[in-house]
Each structure stands twice: as structure tokens, then as C-alpha cells.
Amino acid sequence: MSVALGTTRPLPVRTTPVGDPGDLLASLPRTAPYAWVRNGEGLVGWGQAARVAVPPGPGRFAWARQWLATVFGDAHVDDAVRTPGSGPVAFGSFTFDEDAHGSVLVVPRAVLARRGGHAWLTTIGDAPLETFSPIRDPGRISYGDGSLSAPEWEHVVARAAKRIREGELEKVVLARDLVATAERPIDVRLLLTRLARRYPECYTFSVAGLVGATPELLIRRTGQEIESLVLAGTTPRGTGPADDLARGAALFASPKDRHEHECAIASVRQTLSPLCASLETPDEPELLVLPNVQHLASHVTGRLADGASVLDVVAAMHPTAAVGGTPTPTAIEVIRELEGMDRAGYAGPVGWIDAHGDGEWGIALRSGLVQGRRARLFAGGGIMGDSDPAAELAEAQAKFRVMQYALEG
């Protein structure tokens with residue numbers, strides 16, 4: 001365990017209302033920025049009051065909740081705002097694979113937030129004013145193969161599709177990585193700014209080097225109310241308005257993509273029903289149109305029955321069929337066997353939780369792991385029995401463009 005202020009030492013926490021801070025991301029210093037921003041609202045943080053590496057294993061979410069209960073429970077909190085996200089907050093990133101190392105929770109020393117016309121600042125202890133340094137461009141970016149080359153990954157897709165046709169499983173989500181190397185150290189703030197401006201409808205995030213803009217809300221808890229946005233089924237944007245409409249219509253009518261989406265919705269319904277007093281899922285998906293791709297999307301809402309925290313719901317939901325496959329346990333084994341890489345935090349839960357168990361967690365898609373001059377980018381897609389490897393590669397390449405844009409501008 002790595003903790004800046006030990007869990008036996010109470011955290012002195014103070015939350016006060018502030019005036020409109022403007023661009024939240026513009027307030028971040030260079031060191032250790034944390035972010036969760038959508039349409040200009042959300043939370044950003046810096047510094048480190050407490051941090052822990054969450055041990056891998058099937059009990060990792062329960063372990064994380066216990067650690068948070070200790071840290072938050074011992075805090076001396078002066079909260080003049082009293083809204084979800086005020087008081088002490090932890091940002092977190094969990095690895096996709098429960099057996100992988102790399103899951104982390106961080107309680108920043110300072111959190112600046114804006115939501116619903118209100119803004120506030122939370123500080124822990126005598127949070128020092130961080131020195132703001134100008135954002136520097138990383139310069140020229142070069143790319144190299146990640147764990148597998150493009151032809152090798154297409155071969156993996158073909159093998160997975162064959163196993164689906166043979167009846168071993170219905171769907172598996174396969175990912176690939178790409179390594180980007182910059183001339184100069186990569187400033188996470190630049191990536192966040194570019195992502196938030198280009199993809200305002202997505203959740204732009206930064207936690208412990210994992211940076212991205214995900215369209216997929218795994219779960220939001222506000223009191224007993226919960227909400228999830230399920231995405232499964234994707235097509236690239238068209239070359240013009242007419243092509244765009246045609247592609248969207250084809251996606252909506254595609255048996256392969258509709259079945260993939262139905263699998264994802266069924267997985268969420270099965271997972272959330274035991275936790276909820278009420279749960280509503282739509283009969284038909286809608287189209288979510290982003291600057292680079294279109295998705296089949298469904299909004300799921302519900303009310304919790306037993307007061308579970310947002311992290312309890314995350315534990316129940318991850319991994320969803322949308323990022324794992326169907327049936328999910330079989331799909332996870334196929335991923336471990338075929339994918340040929342460690343996903344780290346990609347496709348894992350990322351987000352924040354406050355001391356009352358409220359919070360927002362997404363699935364870390366359209367993301368990269370940044371360290372110094374190097375960024376490891378991730379993308380993937382759902383594989384079905386009739387999947388075409390070349391088409392799946394093209395879909396992954398389209399998804400890579402999100403982080404490539406963040407790096408290159």
C-alpha cells in the first residue's frame with residue numbers, strides 16, 4: 001500500500017463554493033492531473049492525499065471499498081456544498097482483468113468541480129498551490145506495432161470468429177494496442193484539452209497515466225438512482241451527410257450489430273436486476289453519433305434496493321458483455337488465450353466515488369497509457385461468428401484516431 005497520508009491519520013477536508021472556474025481543465029497543474037469532465041462539467045484534481053495500489057483478485061472491489069471506508073470514515077469534513085462529488089473524492093482506475101496488477105485509487109489534495117450551475121473547491125490539509133507551467137506540444141509522433149501486428153491481429157479475429165461459429169460462445173471483444181513515441185514528454189493536459197473539445201459528449205478522464213475520452217457510462221449513482229449507457233455495435237462515420245445517414249441506417253438494420261447490442265443489454269439487465277428495486281431498459285437502441293464513429297446505444301435507468309455504493313455496482317457489472325463477450329466467463333478465457341497482450345486499464349472501470357457512495361464510472365475506451373514520451377494506445381471491437389477480420393481491423397483503426405488526434409492535434 002502506498003499512502004501519502006496514512007489511513008490512521010485523519011484527513012482534514014474542506015469544501016467551499018467558488019465562482020465559475022471557466023474551463024476546468026485549464027486549472028490543472030502539470031503534475032499528476034486527475035480528470036472526469038463531460039460538456040464542461042465534472043471534476044478535476046491534483047496532488048495526492050492518499051493513494052493505494054489495489055491488490056488483484058476477485059475481491060478487489062470489496063477491498064477497495066474497505067480502504068475507502070477507512071480513509072473517508074476517519075476524515076474531518078467541513079462540507080458547505082453537500083452534493084454528489086463534494087467532500088473527499090477518490091479517482092480510480094481498475095484493470096480489465098481482475099488478475100492483473102495496476103488497479104489504483106487516489107484521493108487528490110485538491111478537487112475543483114462544476115455541475116448544474118454550481119462550482120466548488122475541496123482541499124485536504126494545507127493543499128499547496130501548484131505551480132502552473134505552460135502546456136508544451138510533444139512534437140512529432142511516430143507509431144509502432146504493439147503486442148501484435150495488424151496481420152497477426154486479423155488472424156486472431158479469424159480464429160475467434162471460427163470458435164464462435166463452432167458454438168463455443170456467442171461473442172468476444174478483442175482489443176489491440178499501438179505504441180506512440182513523441183519527440184518530447186507528453187503533457188497529459190494537452191491530451192485532455194484536445195479530447196474534451198473534440199468529443200464534448202464523451203467523458204474525458206485522467207487517472208494515474210490512463211487518459212482518454214469514453215462514450216460509455218458504466219454507472220452513475222446519485223443517491224439511490226442509477227443510470228448506465230450501453231454501447232455495442234459500431235460503424236465509422238461517412239464521407240458526407242448522405243453517406244453518414246446510410247451508414248447509420250445500415251448499422252441499425254445490421255443483424256450482427258443488433259444481436260451484439262442485445263447481448264450487451266441482456267448482460268446489464270441480468271447484472272443489475274438483483275441490485276435494483278426497479279430497472280428500465282429500452283426496447284430499441286438509438287444511434288449515438290460521435291465525430292469518428294456511430295454506435296448503437298441504450299440508456300438504462302434504475303433505483304437501488306439496498307443502498308449499494310457506486311463501487312458495489314461497478315463490481316457487479318464489470319466486465320460487461322460490451323467489453324468482454326457472451327457468455328462473459330467464456331469470453332474472458334478466450335481473450336486471455338488469443339489477444340496476446342495485457343490490457344492494463346483499457347476497457348476497465350475508470351471514474352470517481354465520494355464519501356457517500358455516489359459517483360460516476362465509465363469504461364476506459366478510446367484511451368492510452370501515458371508515460372514520459374511514450375503512449376500505449378488501445379482499441380477493439382465485438383467479434384461475432386460472421387465478423388470479417390479486415391472490417392474489424394478498420395473499426396479498430398477508426399477508434400485509434402481518437403487518441404492519435406489527442407497526440408497530434
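1. Basis of the comments. The model is predicted, so local features require pLDDT of at least 70 and side-chain atom pairs count only at pLDDT 80 or more, while totals for chains, interfaces and linings use all residues. Residues are numbered from 1 along each chain as its sequence is written, and side-chain values use heavy atoms, with hydrogens and water left out.

2. Strands β2 and β3. Helices (H or I, at least four residues) and strands (E, at least two) are DSSP runs, numbered from the N terminus. Strand β2 (residues 34–38) pairs with β3 in the antiparallel sense over five bridges; pairing requires that DSSP finds at least two bridges between two strands. Arg38 has Glu41 in β3 as its bridge partner. The two strands form a hairpin with two residues between them, and Asn39 in the turn has a positive phi of about 50°.

3. Surroundings of β3. Five of the six residues of strand β3 (residues 41–46) are buried, so this strand is largely enclosed by the rest of the structure. Buried means under 20% relative accessible area, exposed over 50%, and partly exposed in between (1.4 Å probe, protein chains only). Strand β3 also runs antiparallel to β8, joined by five bridges, and Gly45 has Val111 in β8 as its bridge partner.

4. Strand β8 (residues 110–115) is joined to β9 by six bridges in an antiparallel arrangement, with Arg115 partnered by His118. Their hairpin has two residues between the strands, and Gly116 there takes a positive phi near 55°. Strand β9 (residues 118–124) is in turn joined to β1 (residues 12–17) by five bridges, again antiparallel; Arg14 is partnered by Thr123 in β9.

5. Thr326. This residue lies in strand β19 (residues 325–326) and is buried, with a relative accessible area of 14%. Leaving aside residues up to four places away in sequence, Thr326 touches Leu169, Glu170, Lys171, Cys263, Ala321 and Ala331, where contact means heavy atoms within 4.5 Å.

6. Helices α3 and α8. The axes of α3 (residues 188–198) and α8 (residues 389–408) come within 8 Å and cross at roughly 125°; axes are lines fitted to C-alpha atoms, for helices over the stretch in contact, and angles run from 0 to 180 degrees between N-to-C directions. This makes α3 oblique to α8: angles under 35 degrees count as roughly parallel, over 145 as roughly antiparallel, 65 to 115 as roughly perpendicular, and the rest as oblique. Residues of α3 in the contact include Leu191 and Leu195, and those of α8 include Val402 and Met403.
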